[in-house]
Amino acid sequence: MRVSGKIRRLLLDARLVTDQDWNDARARGERVLETLLSSGVLEEDALLETLGTDAGIPPVDLSRVNPDPAALELLPHESCQELTILPISRNGDILTIAVGDPFDVLMLDDLKRRAGCQIRQVVSNPIAIKRAIERVFQTNARQVESLLDQVKGGGELEVKSEEKAEELDLAGT
């Protein structure tokens, strides 16, 4: 998720992060907001309050939301992952989605075109959106099924280990 300059300015003006915090998070090469949140530099409640107030949209706690299947059908899983958004409900011609960046008007126009209806935003933490996408679309289960299908079909399966040698206790101490 690309973060708009508006979010950076809001967080700096509210003194929730410093220029140095922002630049350090960007230098890590990961998603800036996720890095700031996961490192504890930025508190989720402060982020949501700042974004929600400035954009005039309510924040939502996705751990307490069960998205409507009719809303989920409007946007493919891949789009939700790519854009870090989650469709929550559909009421007539209005699709409510959770977003991490309520100021990305190009994304909103694209979503309106893709879904074929009006978009109503609620703001949420990008990490919470990713967790909700995993939960709702059961991405991990789908990946396991795909691997099992590969093995059953006689395809080759490559196993990679992400553990580093220094993390392994080879001596059993």
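## Basis

The model is predicted, so local features need pLDDT of at least 70 and side-chain atom pairs count only at pLDDT 80 or more, while totals for chains, interfaces and linings use all residues. Residues are numbered from 1 along each chain as its sequence is written, and side-chain values use heavy atoms, with hydrogens and water left out.

## Overall fold

The protein chain holds nine helices and three strands; these are DSSP runs numbered from the N terminus, with helices being H or I of at least four residues and strands E of at least two. From the N terminus on, the order is α-α-α-α-α-α-β-β-α-β-α-α.

Of the 173 residues, 39% count as buried, that is, under 20% relative accessible area, with exposed over 50% and partly exposed in between (1.4 Å probe, protein chains only). Contact means heavy atoms within 4.5 Å; among contacts between residues at least 6 apart in sequence, 59% join residues at least 24 apart.

The three strands form an open sheet in the order 1-2-3, with mixed pairing; two strands pair if DSSP finds at least two bridges between them. Strand 1 and strand 3 stand at the edges, each with a single partner strand, so one side of each has no neighbour in the sheet. The twist averages 30 degrees from one strand to the next. Strand 2 and strand 3 pair in the parallel sense over six bridges.

Helix 7 lies across strand 1, strand 2 and strand 3 and runs at about 130 degrees to strand 3. Helix 8 packs on the sheet, touching strand 1 and strand 2, and its direction makes about 65 degrees with that of strand 1. Axes are lines fitted to C-alpha atoms, for helices over the stretch in contact, and angles run from 0 to 180 degrees between N-to-C directions.

## Nonpolar cores

A nonpolar core is a set of buried Ala, Val, Leu, Ile, Met, Phe, Trp, Tyr and Cys residues joined through side-chain atoms within 4.5 Å. The largest has 26 residues, of which Leu-62, Leu-75, Ile-85, Leu-86, Leu-95 and Ala-98 touch the most other members. Elements giving two or more residues to this core include strand 1 (85-91), strand 2 (94-99), helix 7 (105-115) and helix 8 (126-137). Apart from it lies another core of 18 residues, among them Leu-10, Leu-36, Leu-42 and Phe-103.

## Gln-121

Gln-121 is found in strand 3 (residues 118-123), and Ile-97 stands opposite Gln-121. Gln-121 counts as buried because its relative accessibility is 13%.
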